[in-house]
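We'll take a walk through the helices, the pockets, the charged pairs and a few individual residues.

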Amino acid sequence: MKIHWWRTELLARDLRNNAVTDREGAGYMMLSAFLYTQANYSALWFGGYRDWAFLFEALMVLLISVIGVHECFKANGGDMGVSFLMRFCALAVPIGVKIAVVGMALGQAVYYGFPYVVGHGTFRDAAFVYRVISVTMALTFTFVYYWRIAYHLAAIRSALGGAEEAL
């Protein structure tokens, strides 16, 4: 597997010549997931939001993302699959929109409803409970995102009945 870490012109040449395999595309997708996660969590970390739960969440989201891309690649047929990046990126849009809408709605419900359900009288450390709920939601949404993409990639492959491997 050759991944061009720095030399964009070499990657552009390989893409122009159709020399990037789906396996290499999956590698690029895993690295992209790593970079997106790193950029998001670094911005928060250096913005002053630091504690053990945040670090745990960042590492787990990173792990789920890399494993999720790998599982999506396998669901697409692995080395025998076709159009992994195009299928992955296309499916990521409606699934991402759904996750974003549900995440925002649930996040707002938890944020505004939390004081009514969990107060100082209910739990000794209500802030800890809120943090656990927040981390759990982030990990769950990340898992569901990759699970649904993998599900649809497998369904596409199954519907084609292996005909794409002959292409």
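What follows goes through those topics one at a time.

A word on the ground rules: this is a predicted model, so local features need pLDDT of at least 70, side-chain atom pairs count only at pLDDT 80 or more, and totals for chains, interfaces and linings use all residues. Residues are numbered from 1 along each chain as its sequence is written, and side-chain values use heavy atoms, with hydrogens and water left out.

Let's start with a pair of helices. Helices here are DSSP runs (H or I, at least four residues; strands are E, at least two), numbered from the N terminus. Two packed helices are described by the angle between their axes and the distance between the axes. Take helix α3, residues 52-75, and helix α5, residues 126-160: their axes come within 9 Å and cross at roughly 5°. The axes are lines fitted to C-alpha atoms, for helices over the stretch in contact, with angles running from 0 to 180 degrees between N-to-C directions. α3 and α5 are therefore roughly parallel to each other (angles under 35 degrees count as roughly parallel, over 145 as roughly antiparallel, 65 to 115 as roughly perpendicular and the rest as oblique). Sort the residues of the α3 and α5 contact by class and you get 20 nonpolar, four polar and four charged. For those classes, Ala, Val, Leu, Ile, Met, Phe, Trp, Tyr, Cys and Pro count as nonpolar, Asp, Glu, Lys and Arg as charged, and the others, Gly among them, as polar.

Now for the empty space. Rolling a probe the size of a water molecule over the atoms shows where empty space is left. On a 1 Å grid over the protein atoms alone, a pocket is an open set of points where a 1.4 Å probe fits, with protein on both sides within 12 Å along at least five of seven lines; lining residues have an atom within 4 Å of a point. Grid points are joined across faces, edges and corners, and a volume is the space filled by probe spheres set on the points.

The largest pocket has a volume of about 710 Å³. It is lined by 23 residues, and the closest to its centre are E57, M137, A138, F141 and T142. Which helices supply the lining of the largest pocket? α2 (22-46), α3, α4 (84-117) and α5 each put in at least two residues, and α5 has the largest share, with nine. By class, the lining of the largest pocket holds 15 nonpolar, six polar and two charged residues.

The second largest pocket holds about 210 Å³ of space. Its lining includes I3, H4, W5, Y28, L35 and L85. Here α2 gives the most, with seven residues, and the lining divides into eight nonpolar, three polar and no charged residues.

L35 is found in helix α2 and, at 49% relative accessibility, counts as partly exposed (buried means under 20% relative accessible area, exposed over 50%, partly exposed in between, with a 1.4 Å probe and protein chains only). L35 and L62 are 27 residues apart in sequence, with their C-alpha atoms 9.2 Å apart in space.

On to the charges. Side chains of opposite charge can pair when their charged atoms come close. The whole structure has seven salt bridges (a side-chain nitrogen of Lys or Arg within 4 Å of a carboxyl oxygen of Asp or Glu). In one of them, K2 pairs with D14, with the closest N and O atoms 3.7 Å apart. K2 lies in the segment before α1 (8-16) and D14 in helix α1, so the pair ties together parts that are twelve residues apart in sequence. K2 is partly exposed at 38% relative accessibility, whereas D14 is buried at 4%. D14 also forms a salt bridge with R13 (2.8 Å, N to O), and R13 is partly exposed at 34%.

Another salt bridge joins R23 and D79, whose closest N and O atoms are 2.7 Å apart. This pair links distant parts of the chain, with R23 in helix α2 and D79 in the loop between α3 and α4, 56 residues away. As for networks, shared partners join K2, R13 and D14 into one.

Finally, check two backbone angles. N18 has a positive phi of about 50° although it is not a glycine. N18 sits in the loop between α1 and α2 and is exposed, at 72% relative accessibility. S83, also not a glycine, has a positive phi near 55°. S83 is found in the loop between α3 and α4 and counts as partly exposed at 34%.
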